[in-house]
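Subject: Structure handover

Hello,

Here is the structure we talked about. Please open it first, then read the notes below.

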Amino acid sequence: MGRKLLIHNDKVPNIHTLEVYRAHGGYASVEKALKNMTPDQVTDEVKKSGLRGRGGAGFPTGLKWSFLAKPEGVPRYLVCNADESEPGTFKDRYLMEVIPHALIEGMITSSYALGAKASYIYIRGEYFYVARIVEAAIKEAYAAGWLGKNILGTDFSHDCYVQVGGGAYICGEETALLESLEGKRGNPRIKPPFPAVAGLWGCPTVVNNVETIAAVCPIVMMGGEEYAKIGIGKSTGTKLISASGHINKPGVYEIELGIPVEEFIYSEEYCGGIRNGKKMKAVVAGGSSVPILPTELILKTAKGEPRLMTYESLGDGGFQTGTMLGSGGFIVMDEDTSIVKNLFTFTRFYHHESCGQCSPCREGTGWMEKILKKFLNGTANESDVELLWDIQSKIEGKTICPLGEAAAWPVAAAIRHFKHEFLEIARNKKFVDVSHYNRLNKVTA
Amino acid sequence: MKVTIDGVEIDVPKGTTILQAARMIGPSVAPPAMCYYTKLKTSGGYCRTCIVKVTKGSTANPNPMPKPVASCRTEVMDGMEVQNFTSPEIVEARKGVVEFLLINHPLDCPVCDQAGECKLQDLGYENGSAKTRYEFKRREFEGIDIGDKIKLHMTRCILCYRCVKTAEQITEKRLHGVVHRGDASEISTYIEQVIDNDFSGNVIDVCPVGALTDRTFRFKQRVWFTKPVDAHRNCDKCCGKTRVWLKGEEVVRVTARKDMWDEVEEFICNSCRYDHKKKSDWVIEGPSHISRASVISQGHYEHLNELKVEAMKHQKALGFMDIDKRP
């Protein structure tokens, strides 16, 4: 049984209320930080903990915080990125829905460390009901004096606001999120300047994922060094994984970083193996944009070592034989899954969500979708595989924001590891989908 | 600050972008730019044609940048080394960008008013391939009249945002922007409202393609049959310095003067642009300088006399009869 730090109380009835949350040790980190620690001490603990951004990029949080410019007389902001839109990722929703106070507690403690007088929680549009839950929790926190003026009698005052987005994937990119928060069209900004220097309304801003902010509370409580003992190497602490796909027990699991991937998929504690006794075909380990890996590569690295759930181990071998931990959207596919169809679904998503600012992403994503549609229609040629490869290589790394890469990587990986599936369709001029979902539809239709 | 671009070193002031530094060196190293416009703040970064490879970040931090960067929005650092045309990777990437810009662009140059002074034509000629690999239906939009003077063809638009920035920064009221997203993005005035401003006509000049054209000039003349001359008049709204395009004695259109990078020198008002279409309205200074590479210069109107003298010199040397005295 792995240690749980974030959602250990998730089964407690009414844990979403302040009363129950407090009774289970909630807001202790605020008390500890505000009364016994200086802001720099909190930042130091986060640095020592080795906590890495849980939104996908895995950038060390303490380092990000230390980049925050602190000019005199200019307000600083903390923005919580709750625009969780990556297909396959739903951990933040679960956390906010079940234990909203964990996020608010983290917001207060983090803001104290950063010296932010105001913070914003940007929740994606589709999560409007989650926004209501968080808003209700904020109201409770204000009433109990955890937010507002002079928290706990100290001279630290803090206001926390909820902003609901319009439901655009691109607004999960931190600069697009800031634009959207300012009331503008959610287009990513051209960097530099980075948000740590000029973010929200031109002021220094830190943008962190929900899980990252929530993880600050246990770090403050147990100390950075103790937190760093969990996990392996530079992947410290616990991570929420959204497991979905053809597994027996889909859901949100909190794991200690460093458990083997095989254990995560097959153990009864977590995913419980592949459903209907099927064999596993492929896994997308960190949300739809990370490279897909076939069974033999997800269970073992190219060197033959067992693959672990860490940033480093999943990334082992680069993109040739590896992938990324990303946001922890763990999608498992069984042997009946068509990789081509799955890729089409992903690419259609990125085409739909491209903001349209820069040309490679605006035009390239649509082009890739149209070619993949040809595969599904059975009209594709063998040369289309090479064309697809060429297009993705011309999008990757040429765009303003990482959406271009997010669209290019799945295409590259699918062709790299499952080229035969594309070629088979092209040669037979026929696409046959044998997936369980498809058969199910035929029976009921 | 010293920066080396394609092996050529130049000293530039702080805050200069790589593109500006490259332009200081000259066209041999300057990357093409479709969306960047010196006169418009915050322009650039969208089209990605000006991408370059930074092989050395600076003297202080000599690491190369991991990805190609948009030269129009990246400021130089002391000791920076940049590869543009010397990097095969960049040349290939740019080819890709040009292909992306062209897949949804109609190849209707024969009926497009911009033909001959279109940046995308030049770009495609320099960096594109002769064949398209795109086999699907291109994006289509209905043409929109923005007032009685400007025509918008979204089909031809490459979404460079220059007109949006112009409307934002030069005209007083912003009535125009981008709606929708991704490849369904559209330049729009929302309900096709007239851009009712004295400087609205400048959006035509900044448009690199034929998306925004002058309705008073549409289908009148191919640009290479007209003769651009620099002219001026006393104008109380703008500088009054314009380029007047003549066909015989007739003024077919008036535009702002453009520099060697195809950017306007000074924005002009609508009154100069639309209302003064008589030769007598203007004081003509002389032929405009048009690049030798441009199809417009094929009329040889600019150096006609010099060319004639040159030709006669050669003919005399060869022992031919004087051109003017030929029977």
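Domain bounds here come from an automatic or database domain assignment. Chain B gets three: domain 1 (2-96), domain 2 (109-214) and domain 3 (223-299). The C-alpha centres of domain 1 and domain 3 of chain B lie 32 Å apart.

Two notes on the source. This is a predicted model: local features need pLDDT of at least 70, side-chain atom pairs count only at pLDDT 80 or more, and totals for chains, interfaces and linings use all residues. Residues are numbered from 1 along each chain as its sequence is written, while chains are lettered from A and ligands numbered from 1 in the order in which they are written.

**Where the chains touch**

Contact means that the C-beta atoms of two residues, placed from the backbone, lie within 7 Å. By that rule, 24 residues of chain B are in contact with 21 residues of chain A. Helix H2 (residues 88-103) of chain B gives the largest share of the chain B side, 6 residues. Helices (H or I, at least four residues) and strands (E, at least two) are DSSP runs, numbered from the N terminus. The chain B side divides into 13 nonpolar, 5 polar and 6 charged residues. Nonpolar covers Ala, Val, Leu, Ile, Met, Phe, Trp, Tyr, Cys and Pro; charged covers Asp, Glu, Lys and Arg; the others, Gly among them, are polar.

**Chain A**

Chain A also has a domain assignment: domain 1 (18-229), domain 2 (232-334) and domain 3 (339-436). The contact between domain 1 and domain 2 of chain A takes 20 residues from domain 1 and 20 residues from domain 2. On the domain 1 side, H5(A) gives the most, with 3 residues.

Now look at the loop between helix H8 (174-181) and strand E4 (205-209) of chain A, where Pro192(A) is found. The peptide bond from Lys191(A) to Pro192(A) is cis, with omega near -10°. Another cis bond joins Pro192(A) and Pro193(A), with omega about 5°. Trp201(A) sits in the loop between H8 and E4 too. Its phi is positive, near 50°, though Trp201(A) is not a glycine.

**Helix H1 of chain B**

A residue is buried if 20 or more other C-beta atoms lie within 10 Å of its own, exposed if 12 or fewer, and partly exposed in between; C-beta atoms are placed from the backbone. In H1 (residues 18-25) of chain B, Ile18(B), Leu19(B), Ala21(B), Ala22(B) and Arg23(B) are buried. Their cover includes strands E1 (2-5) and E3 (51-56) of chain B.

Best wishes
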